[in-house]
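Good morning, and thank you for coming.

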Amino acid sequence: MTTAAMKRRTPTLTVGAILVGLVVLLAVMSFLWTPHDPTRVDAAVRLLGPTGDYLFGTDKFGRDLVSQIMVGARTTLYVGVVAVGVAAVIGTPLGILAAMGPRWLGEFVMRVNDLVLAFPALLLAIMFGAVFGASTLTAMIAIGIATVPSFARIARSGTLQVMSTEYVLAARAAGRSRFAIAHRHVLPNVAGLLIVQSSVSFAIAVLAEAALSFLGFGTRPPTPSWGRMLQESQELLAVQPRLAIVPGIAIAIAVLGFNLLGDGLRDRLDPRLAGRR
Amino acid sequence: MSVLTVHGLNVSAGDAELVRDVSFTIGKGERVGLIGESGSGKSVTASAVMGLLSEELTASGSITLNGKQIVGMPERQLSRLRGRDMSMVFQEPMTALNPAMQVGKQVAEVMSLHRTQPDRRSARAAAVDLLGRVRLPDPQRAAKSYPHQLSGGQRQRVMLAIALANNPSLLICDEPTTALDVTVQAQILDLILANTNDSALLFITHDLAVVATVCERVLVMYNGRIVESGLVRDVFTAPEHRYTRQLLASSDLEATDENGRLRTVSHD
């Protein structure tokens, strides 16, 4: 990247990247080292306040909060990747198809889309959990499916915009087929929009996992998850608010990070600003 | 035998007729100008020839390119002709190139697509050659640049390289110089002239001076019809149709009307 481009990078993007980087760093580090075994139950050290050995203290089972947050970061990232992956892989081709295919097909796809959009994501995830058994994976596939409409809509509107440009006409004048135009011309030019949508959806997925785990439909014990840490802190909220505050802040950092990253990327990838770079 | 024969072409959008009973032919190596004001049906005629009319428009009549009927031809067959037997240069070089693809790739693609080059590498080499032929400075480097790194004139050269890549028998230029400044216009026109010796050329413009420079014959369109046609020399010296006379009078920058203003075309 040139220095000129560095200067134009918005602080939003930088702050977002730092916060997301922090979560990624925690997750990666947790594979190599954690201060304690995050799942080790030890009645002797239960409900300790912050000490030198236990930086944020321990929970009601004597598990180290720092270690749980670190391993929980993995769950958070896993969740985001699965949900966004499902949504992008299904939603993007659907949106492009809706824009490029025959009109009746486009209308049909978009109406089904509206139907899915009208259905609350969390309710869908709870249904999935009830039918297929509660796990991080089923919850996230459900959240991913619920996010498909956002990707389909954005891919469709981006495609319509690209299809009306003269270079698509020029590509047709050069003898390109429709499929080749979708692949070579449309996809690269809507990729920016989809990347932005991904990071925003990532944040929503992280929050959804926390909410589902809180309700008991998400990550099963003993896998550490920030949402479940919140849930387990519930009964002790009045006496040990620390147990809720620590995972709460972690969730807030991850969600804020991905949202800022999305906003920052949108500003940088906005096609209307492309000429000025 | 003529390369392009258009006979009784009608294009309509629902009840509105945009092009009415248009007929003309262009032979091998012949350069024909199509002039007329905005909305007179010039570009629609060109789109019909390329088979690129938007879905709301319907064409009837006959358009044959090297004996093949274009009207009603399935899209799959059309796409085989486009870019190989006929190609088109558009008005707006700022938007007619894919912003996310290197220009060398865009030139090479039209050759790999129609298999006029055996493989990717030779297509790439041919693309660099073509970029040199349209006189882009440092074609090696130009091939690796993205459209936004090139000026308007340079992009139009790239467009021309794409259009000429497969030696089409018909080249359509839809106001290729309108968006460029005057000095660049002259260079682009020279290039078009130098590279279309064997091709039939249909040159759409509303610049009469350009027609006089480039074309041998001229068609004048007005309100969806061809109102006058003939050799450039004849039409420009002895215009028959009222619209052509007004058009010529309005392009004379020394003649003024009784109020001391330049002449314009009246609509009634």
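**Two chains and their contact**

I begin with B:Asn66, which is partly exposed, with a relative accessible area of 34%. On this scale, buried means under 20% relative accessible area, exposed means over 50%, and partly exposed lies in between, with a 1.4 Å probe and protein chains only. B:Asn66 sits in the loop between β4 (57-65) and β5 (68-69) of chain B. Helices (H or I, at least four residues) and strands (E, at least two) are DSSP runs, numbered from the N terminus. The phi angle of B:Asn66 is near 50 degrees, a positive value in a residue other than glycine. B:Asn223 also has a positive phi, near 55 degrees, and is likewise a residue other than glycine. B:Asn223 is located in the loop between β9 (217-222) and β10 (225-231) of chain B.

A word on conventions. This is a predicted model, in which local features need pLDDT of at least 70 and side-chain atom pairs count only at pLDDT 80 or more, while totals for chains, interfaces and linings use all residues. Residues are numbered from 1 along each chain as its sequence is written, chains are lettered from A and ligands numbered from 1 in the order in which they are written, and side-chain values use heavy atoms, with hydrogens and water left out.

Next, the annotations. In UniProt, an unreviewed entry gives "domain: ABC transporter" for residues 4-248 of chain B. UniProt positions are given in the numbering used here, feature names are shortened, and annotations may be inferred rather than shown by experiment. That span of chain B is 38% helix and 27% strand, and its end C-alpha atoms lie 28 Å apart. For chain A, the UniProt annotation "domain: ABC transmembrane type-1", again from an unreviewed entry, covers residues 73-262. Residues 73-262 of chain A are 84% helix and 0% strand, with end C-alpha atoms 19 Å apart.

Let us turn to the interface. Of the area that chain A buries against chain B, A:Glu166, A:Arg172 and A:Ala173 supply 30%, more than any other three residues.

There are 11 residue pairs in polar contact across the interface of chain A and chain B, both residues being at pLDDT 80 or more. A polar contact is a pair of N or O atoms within 3.5 Å; within protein, one must be able to donate a hydrogen and the other to accept it, and residues adjacent in sequence count only if both atoms are side-chain atoms.

Now the charged pairs. Between chain A and chain B the count is 3 salt bridges, a salt bridge being a side-chain nitrogen of Lys or Arg within 4 Å of a carboxyl oxygen of Asp or Glu. One of these pairs A:Arg176 with B:Glu109, their closest N and O atoms being 3.0 Å apart. This pair crosses from the loop between α7 and α8 of chain A, which holds A:Arg176, to helix α3 (residues 103-113) of chain B, which holds B:Glu109. A:Arg176 counts as buried at 11% relative accessibility, and B:Glu109 counts as buried at 10%.

Another salt bridge links B:Glu75 and A:Arg172, with the closest N and O atoms 3.5 Å apart. B:Glu75 is partly exposed at 34% relative accessibility, whereas A:Arg172 is buried at 19%.

Which residue of chain B also meets B:Glu75 in a salt bridge? The partner is B:Arg82, at 3.1 Å from N to O. B:Arg82 is found in the loop between α2 (75-81) and β6 (86-89) of chain B, and is buried, with a relative accessible area of 0%. A polar atom of the B:Arg82 side chain lies 2.8 Å from the backbone oxygen of B:Gly51. Leaving aside neighbours within four places in sequence, B:Arg82 is in contact with residues including A:Arg172, A:Gly175 and B:His114.

Methods:
Contact means heavy atoms within 4.5 Å. Buried area is the accessible area (1.4 Å probe) that two parts lose on being put together, summed over both.
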